[in-house]
Amino acid sequence: MDADDSRAPKGSLRKFLEHLSGAGKAIGVLTSGGDAQGMNAAVRAVVRMGIYVGAKVYFIYEGYQGMVDGGSNIAEADWESVSSILQVGGTIIGSARCQAFRTREGRLKAACNLLQRGITNLCVIGGDGSLTGANLFRKEWSGLLEELARNGQIDKEAVQKYAYLNVVGMVGSIDNDFCGTDMTIGTDSALHRIIEVVDAIMTTAQSHQRTFVLEVMGRHCGYLALVSALACGADWVFLPESPPEEGWEEQMCVKLSENRARKKRLNIIIVAEGAIDTQNKPITSEKIKELVVTQLGYDTRVTILGHVQRGGTPSAFDRILASRMGVEAVIALLEATPDTPACVVSLNGNHAVRLPLMECVQMTQDVQKAMDERRFQDAVRLRGRSFAGNLNTYKRLAIKLPDDQIPKTNCNVAVINVGAPAAGMNAAVRSAVRVGIADGHRMLAIYDGFDGFAKGQIKEIGWTDVGGWTGQGGSILGTKRVLPGRYLDEIATQMRTHSINALLIIGGFEAYLGLLELSAAREKHEEFCVPMVMVPATVSNNVPGSDFSIGADTALNTITDTCDRIKQSASGTKRRVFIIETMGGYCGYLANMGGLAAGADAAYIFEEPFDIRDLQSNVEHLTEKMKTTIQRGLVLRNESCSENYTTDFIYQLYSEEGKGVFDCRKNVLGHMQQGGAPSPFDRNFGTKISARAMEWITAKLKEARGRGKKFTTDDSVCVLGISKRNVIFQPVAELKKQTDFEHRIPKEQWWLKLRPLMKILAKYKASYDVSDSGQLEHVQPWSV
């Protein structure tokens, strides 16, 4: 859609992209160090945003080596030179390790090559080594210019004109080993590769009752090992930051044999390549295999994943992350002054932030120093709250204490799935059951939603009953859209019969409505005066109180994969436009974010009304596009974006108006968006948020212990969600004010702020609010 009418927030203090100009500026973009999926999305965003604001953008091929060698290695980029690269792994501009740039002589050559093209703004996509090099280059810049002037390679005017160099970094590293940012570009995609392998291995291991030792990348950082262990429910994990205690060999063998005794047919052990013991001696996958074979006699195999983890197509998360970072990097360069320190654009929660580059590098090096000095608790703390949280959750879910060591609370906690199925629901149930049992509760599973609840389909569920659930799609407990309103008496009876002391609801908008109905019925039925909490799980991502829902990431990846294939088909046939309908009810999250991740030309959503003039302008835009080398189009439409402009109507309009220029095809994605194995993000998010919900329930029940307390206050009926940078519990009573009940969406949705990005990257004029940008923050070791 034409985006000049993008509904920007009112207010004189707002700052918009239109106020920034890149005229007369030249930006160089390079990728350096190890490659990572999503780097191309970042390069594309930098090039297109740079051109959009009027700057010249140059590719610097082969990283710093290309900068030192100059010549054809530094070439101006245009709009079309970054077309069709969003879905490609690696980096199209190449990356190389460069010894020459480590010397002053090499940096002098690099400065001379940049000045020949007037480049004084650098966007570096790489790891901490690459970013440290860029910062040194920036510090030396004026000295290098003076030396070039003395040598007669540049004149005095040039020294004045190009007096300072601005540097903005983006971290591309699959290891997620850079402090200050939640996720580095490539990490999510690497987790996709690992989980695909683990899921495949699990089926063969189960057939033969085998033990598999999987070695994943991470020489100095255990993030990939830790999150993949959490996402697949591995029996044991080895990390560089948190070595196993003395005597781990025996403990691990006991754990493996206990799991086999519980009828588990396979064992998965995940090892980071940099795993060490408390004496800093390496723990290799071969050593672990030998141990299992000699001590237990199990049939054991080692699989080293290696460079598979760096390869393949980037995930939807990485494409959106890299696109956001690329745009933010250009804005940071436009706003930079001679005094601005080199910064890194990074992600905190779902919020883009700028951090001083050297603070981040320093903290990253502090982690390594802590490990070298065997201060492992400090290493985990410095990695950040997210890493420490993952580690604690993994420990709680992987190792069950013997029953006689768990103090019993005599409380019954029930878990129920409500609404449509969403990938990751089962991971959430597993996590809740295990944390509940570890906290001393008796856990009850309610089958088939509120319908099953009313009929008494309630059974106790144990630790081993939920083994292997993390990777399963759909809902094993069964889920229905039925609301509790008409069954209140029956449900109250079941609550009383089974002495249910707390309720955890995992589901979508129906779960939210159900929670409101149960809360309203408290006056009539005292059985509902118990702590109740909801964990959002729906592909639509439309639950008030949370920026994300379990299942939305998996659906987004399904949409993105399908769009990639469709684009490939369209590229082959030329001059073809595809119209794709996505799910989401009235919520445009999937269409909008799918459009950003797949590089769509337009995405029609309910939240931004459109009319026939917008449709006409899109057709004209595509007609112009067909004159270029990019002869294909992709348009996404949310299923309920308009009552009259249906998918068929838009298809027929485009077909008629595009006659002789392009032809059209349509595709309704339908229920494939609800199916499939959950993505690593959804497994991890479901596991962590559900564990957090159980901790809240335990704390509430502890308050009331021995006092027979009735829970009647609003703060005992909550939705648990992620809001900006925090995980927060919000009473449903408060969330009512923030809900559009007619259209089943929150009144304010954070992702609408990203809507102009999709338009800008598709070559439309758009009004983009950059008020949140610009503040350089300081690194907190406990950033989420």
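I started with helix 7, which passes helix 13 in a left-handed crossing (the near helix is turned anticlockwise from the far one by less than a right angle; clockwise is right-handed). Helices here are DSSP runs of H or I, at least four residues, numbered from the N terminus.

This is a predicted model: local features need pLDDT of at least 70, side-chain atom pairs count only at pLDDT 80 or more, and totals for chains, interfaces and linings use all residues. Residues are numbered from 1 along each chain as its sequence is written, and side-chain values use heavy atoms, without hydrogens and water.

I looked up the geometry next. The axes of helix 7 (residues 223–232) and helix 13 (residues 385–398) come within 10 Å and cross at roughly 40 degrees. Axes are lines fitted to C-alpha atoms over the stretch in contact, and angles run from 0 to 180 degrees between N-to-C directions.

I listed the contact (heavy atoms within 4.5 Å). Y223, L226, V227, A229 and L230 of helix 7 meet F387, N390, L391, T393, Y394 and L397 of helix 13.

I then checked helix 22 (residues 680–704). Its 25 residues reach 37 Å from first C-alpha to last, close to the 36 Å expected (1.5 Å times one less than the number of residues). Helix 22 is mostly covered, with 18 of 25 residues buried (under 20% relative accessible area, 1.4 Å probe, protein chains only).

Last, I took helix 18 (residues 552–573) and helix 19 (residues 589–598). They pack at about 50 degrees, axes 9 Å apart. Their crossing is right-handed.

Definitions and conventions:
Helix = DSSP H or I, 4+ residues; strand = E, 2+ residues; numbered from the N terminus. Buried < 20%, exposed > 50% of the residue type's maximum accessible area, 1.4 Å probe, protein only.
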